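Hello,

Here is the structure I promised to pass on.

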Amino acid sequence: MNNLSVTKSNSLIDASYKLNVQAQKLVLACLGKVDSRGNAPKEMTLTALEFSELMGIDIKNAHRELYKASDTLFDAVILLRDEQEEVKLRWIQKGVKKLKGQGAITITWTDEVLKYISSLQSRFTTYKLRHIANLQSAHSIRLYELLMKFNATGERVIYVDDFRSALGISDKYPQFRDLNKWVIKPAVDG
């Protein structure tokens, strides 16, 4: 499990969404179990033990963290933008099933999200799940993904407004110094 990879469509990497750190880790742990070249299953089950092992979470806290993350995921929205349109999607189709006797959850991806996580042939980004497992901030994970999209070139230019949008904070930190102080520097630190 230590060598699992996460693959997402670049459209999803660049999308605007805001998930807390545990909800992001839940999504990424599920994606780590998917072969992005094939069809991802519509329903996925993740146990607290898997969550603990994949994300380096103490097993004593894994059940609670998994359930909290799953509660957040149902209400989360993804905003995809291009030159012609703006579309809002949900990560999951319905509330997460909590399999309490088994210490597990089952999520049901929306059909729209499945397009961005499976059968990917081009325009996608892949990275090792273990590289984000110890990150403690939602912004750190998103910054890592945004940078990994351009890993091959080693360079990325992103407009500040696009950066804010990708992190789901378009309405916050209008001054760059505040964005740098409260988002960028803490994200880089961890």
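Let me start with Lys149, which is partly exposed, with a relative accessible area of 22%. Here buried means under 20% relative accessible area, exposed over 50%, and partly exposed in between (1.4 Å probe, protein chains only). Please keep in mind that this is a predicted model, in which local features need pLDDT of at least 70 and side-chain atom pairs count only at pLDDT 80 or more, while totals for chains, interfaces and linings use all residues. Residues are numbered from 1 along each chain as its sequence is written, and side-chain values use heavy atoms, with hydrogens and water left out.

Now for the salt bridges. The whole structure holds 13 of them, each being a side-chain nitrogen of Lys or Arg within 4 Å of a carboxyl oxygen of Asp or Glu.

Lys149 pairs with Asp14 in one of these, with the closest N and O atoms 2.2 Å apart. Asp14 sits in helix H1 and Lys149 in the loop between helix H7 (138-148) and H8, so this contact ties together parts that are 135 residues apart in sequence. Helices (H or I, at least four residues) and strands (E, at least two) are DSSP runs, numbered from the N terminus. Asp14 is also partly exposed, at 32% relative accessible area.

A second pair is Lys33 and Glu50, whose closest N and O atoms are 3.3 Å apart. Lys33 lies in the loop between helix H2 (21-32) and strand S3 (43-47), and Glu50 in helix H3 (residues 48-55). Glu50 counts as buried at 16% relative accessibility, whereas Lys33 is partly exposed at 36%.

Lys98 and Asp71 form another bridge, with 2.6 Å between the closest N and O atoms. It links strand S6 (residues 97-99) to helix H4 (residues 59-75), 27 residues apart.

Finally, the largest pocket has a volume of about 420 Å³. A pocket is an open set of points on a 1 Å grid over the protein atoms alone, where a 1.4 Å probe fits, with protein on both sides within 12 Å along at least five of seven lines; lining residues have an atom within 4 Å of a point. The volume is the space filled by probe spheres set on the points, which are joined across faces, edges and corners. Of its 23 lining residues, the closest to the centre are Asp14, Ala15, Leu80, Arg81 and Asp82.

Best wishes
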